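Thank you all for coming; I would like to walk you through one structure, taking it piece by piece. Please have the sequence and the model open as we go.

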Amino acid sequence: MENRNLKENYYRYLRYFLAKDDTTATSYDKYMALAYVVRSEMVDNWIKTQGAYHEGNVRRVYFLSMEYIFGKNLRNNLINLGIEKEISSAVKAFGLTIEDLYGQEDDFEIGNSGKARTAVCYLESMATLGIPALAYGLRYDYAQFQQDIRNGNQVERPYDWLHRGHPWEIIRPEYACTVNFGGDCQPIDTTSSFSAFEWQSAEQVHAIPYDVPVPGYRNNVVNTLRLWSARASEEFLPDYLNHGDYVRACEEKSQLGRITKVLFPEEDVRRATELRMKQQFFFISAALQDIIRRYKVKNKSLSDFDQKVIIQLSGSRCALAIPELMRILIDNENVPWDKAWQITRNVFAYTSYAVLRENLETWPVYKVAQMLPRHMQIIFEINQVHLEEIRRNYTSDPEMVRELSLIEEGEVKRIRLANLAVIGSFAVNGVSNEQTEVMKKKIFPQYCRYLPYKFSNLSTGIAHRRWVLCANSPLSELINSSIGDKWITNPEELSKLENFSNDSSFLDAFCDLKAKSKKALVDKLQLDSSFTTFESALFDIQCGKIHPYKRQVLHIFNILYRYLNAKAGVVPKTRRLHIFAGKSSPGDFLAKQIVYLINVTSELVNNDPDMKDIMKVVFIPNFGMSWAESLVSSADISEQISTSSMEAAATFNMKFAFNGALIVGSRSGTNIEISSKIGIENMFIFGMSGSALSELGQTKPCEIINADPRLVEIFKLLDETLSTLVDGNAILPLISTLRDLDRFYVLTDFSDYIRTQELVDVEYKVSHKWAQKCILNIARIGWFSSDRTVREYAGNIWKVPLL
C-alpha cells in the first residue's frame, strides 16, 4: 500500500464517514478512520473468498458459539494482512504513531470464559488454513462487565462496547430472519404420528446480522463471523385489540428486543431464566435459518444437506439447534421424520467442556413447552425413538434407560441439553486428555458404553500468531532472526530453537527482551516508585477467571508463608512481584471473597516496610485481553494451579509458554499434556492427580491444618488481620470453607506446592539455566497451536480439505 493512497483513504474516511477533519477529530476518530482503511483492504479478498465458497458449492463448516473474546483487532488484522510496517510508516508521515492508535481501540470481548478465547483462536486458524467456514454468535449490547475495585471488593459496571462504534462490523439487513416464541402448534396431517405441524400465534423477533471479517495470515482468505442482534417485530401483541393503549403496546413489544441486550455472566447454569433460554434459542434459530438459506442458493434438494454442511456446536448451550433443525426440515421443508433425523445426526458435531455433572445445563420441561411448544414435541419424539433403540440394541435395564434419557425425572422434569447434544451429533469430543477421560467416565459413562465410536479427544490450542507475533513482537523478531519465519505458519518449526538453548548470545538477547517487557509492565501498572526495584524480580503471574477451583487461595497461602518467614528473619531466596488479574462472576460470592482476600494480602505486604525489598503483590482490575498480552511477555512463571480434574483444558499455560514463561502447574487440564511435550524437567509440576484425589475422597481439613505448623500460622495471621478490618468478616465464609470442607484440595496440595515454589527460588537464581528452560518451552510448545487442533477437526470430524 503506497503512503499516498493510504493518506487519501484515511482522510476520505475521516471526512466522509465520520464528518471530521484534523481540527475536530479526536484520537478515537483517527483510530476509526484507520480501522476503516484496514477493513477496506480486506473487502476485495473477503468478497473473493465468499464467492469461491459459493461457486464451488463446497462442504462448509458452520461454527456455533455463544461467546467470543477477541481483544483488540487492529494490530492483529494488520499483521495478518502483512501491512503493519507500511501502515506504521504511513501514519508517522501525517503526525500520528501507530502505538497511540492501537491504544484507542476497545477490547472486543463478547464472552466470559476460556472457551470464548478458544473460539477466536479457532476462527483465526480456520482462515489461515483456508477452511471454508462461517461462525455465528450474538451481538450483545452489553459485553462482559467492567470490574472496579473499591475497598478491596469487586464492583461491576456494565460495558456498552458499542457506544463509540465498532468499525469492523458491517450490517446485513437483507439477510434478517424471524425467530418465533410461544404460541401453539396444530398438526397439518392428523392421520399420522410424527407428522408436520404449523406454529401459530407466536411472538416474533427479528434477527439482524452483522458481519465481522476474519482474515487468515497472508493468504488472501477472509472468513466471516456473523453476529445476530435482536429487534422487535413491527406487529403488536394480540392483546392490543383488547386494551388499545399504543404506548403500552410499544413498551411490551420492545421487551422482545431485549434478547441480545446482555451477555449473561457465568453463574449457576441450572438457573434457566426465560431471557437466557430465549437468548440461546434466538441464536441457534437465526443461525440455522441462515445456513439453510445459504444451502438452498446452490442446492435444490435438502436430501444432500449433510453432504455440504457440518455444524460444530461449542458446548451444550447450542444443543437446541438439534430440534430446531428437525422442525425446519419437517415443518417447513416437508422432509419425512426419519429422513430428517438421519440428516440431523449427520450434520452436528459437539464439543463438550464439561468436567462436573452438576454443572450440565438442564431446562424445565414446562418452561420449554410454554416458550417453544413445537420443540418440546420434537424432543419427546426424539427421546421416544432414542429409548426404543436403547431397549432394542443395548439394554432394557430401567436404571440405564433412565440415565440415557433426554428427560431428567423429578419433581420438576428437566431436559438434559448435553444428552440431547450427544445423541443428535455424529461426533463428541473433549478438549484435553484428562477432560475427555472425565467426560467418558463421569459425565457420559453410559453413553460412552452405548456409543463409544462417537467419543474422542481433540486437545485444544491457541492462535500463536496473535499471542506471539502480535502480543510480543520483540520476541518474534528474535525468533525470526535465528530460525527464519516459517514457524509463523508451521509452529512446530519452533523446535529449531533447541539449537540455541546453549547459545549464550541468544540467551542474553532473550533475557534482555524479558527485562524490557518487565519494565514496560511496571510502567503500565503505574506503580509507585517502590516497585521500580522489582523490575529485576521474579514475576509470578496468575491471571484468568477468579474461582475457588482455580485456587488463587493456594497462591495467596504461598505469599503469606513467605511473608511469615521473612518476618521471622528467614528471607526467601528470590524477590518476587506477585501479580493477580481476573474477574469473578457477579453472583459467585466465594469468588468475590477471593478477590477481596487478594487485595487484603496486597495491603498487608505492600504496606509493611520489612517487605520493601522482598516481595510485592498487585491485583490488576478489569482484566481483559489487552492486559493479557502485556502479562504473557513479562512473566517468569505462570501459575496454572487448578484442582486436578476440574479444569477442562486451560490455555493461558500455552500462551505463557509460547512467550518463554515457565509453568508452575497442578496435574490438571492441558498441564499434563504440555509436560509430555516440553519435558517435566522444564516445568514445575506439583500436587495430586485427579485419580488420586478421587481415591482420597473427602479430606479432614482440620487434621491437615493441625498437622502442619505452617498452615496453623497462616490461618492465625488471617484471623488477626481480618479482625482489624471493618469488613474483614466478609471473607469468613471463604476461610470457613477451607477449614470445614476444602472441596478444592487447597490444603491437601499445600505442602507440595510450597516445596515446588522453593525449587523455583533455587533455579531462578541460576539465570543461564533458567533462560535455557524458557527457550526449551518455546521450542517444544508448537504442538499446542490452534492450527494443529483445527487440522485435527478438519481431518477427523469435519472431513473438509485444507487450503
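Let me begin with a definition: helices (H or I, at least four residues) and strands (E, at least two) are DSSP runs, numbered from the N terminus. What we are looking at is a predicted model, in which local features need pLDDT of at least 70 and side-chain atom pairs count only at pLDDT 80 or more, while totals for chains, interfaces and linings use all residues. Residues are numbered from 1 along each chain as its sequence is written, and side-chain values use heavy atoms, with hydrogens and water left out.

With that in mind, Ser476 sits in helix 20, which covers residues 473-483. Ser476 is buried, at a relative accessible area of 3%, where buried means under 20%, exposed over 50% and partly exposed in between, using a 1.4 Å probe and protein chains only. Setting aside neighbours within four places in sequence, Ser476 is in contact with Val468, Leu469 and Trp487, contact meaning heavy atoms within 4.5 Å.

Turning to the nonpolar cores, each is a set of buried Ala, Val, Leu, Ile, Met, Phe, Trp, Tyr and Cys residues joined through side-chain atoms within 4.5 Å. The largest has 152 residues, and Leu64 and Trp798 have the most contacts inside it. Another core, of 115 residues, lies apart from that one and includes Cys470, Ala537, Ile556 and Tyr561.

How do helix 29 and helix 31 pack? Helix 29 (residues 709-723) and helix 31 (residues 746-764) meet at an angle of about 110°, with their axes 11 Å apart; axes are lines fitted to C-alpha atoms, for helices over the stretch in contact, and angles run from 0 to 180 degrees between N-to-C directions. The two helices, helix 29 and helix 31, are therefore roughly perpendicular to each other, since angles under 35 degrees count as roughly parallel, over 145 as roughly antiparallel, 65 to 115 as roughly perpendicular and the rest as oblique. On the helix 29 side the contact involves Arg710, Leu711, Ile714 and Phe715, and on the helix 31 side Leu747, Phe750, Ser751 and Ile754.

Finally, the cysteines: a search of the whole structure finds 0 disulfides, a disulfide being a pair of cysteine sulfur atoms within 2.5 Å. For Cys177, the nearest cysteine sulfur, that of Cys318, is 16 Å away, and Cys177 counts as buried at 11% relative accessibility.
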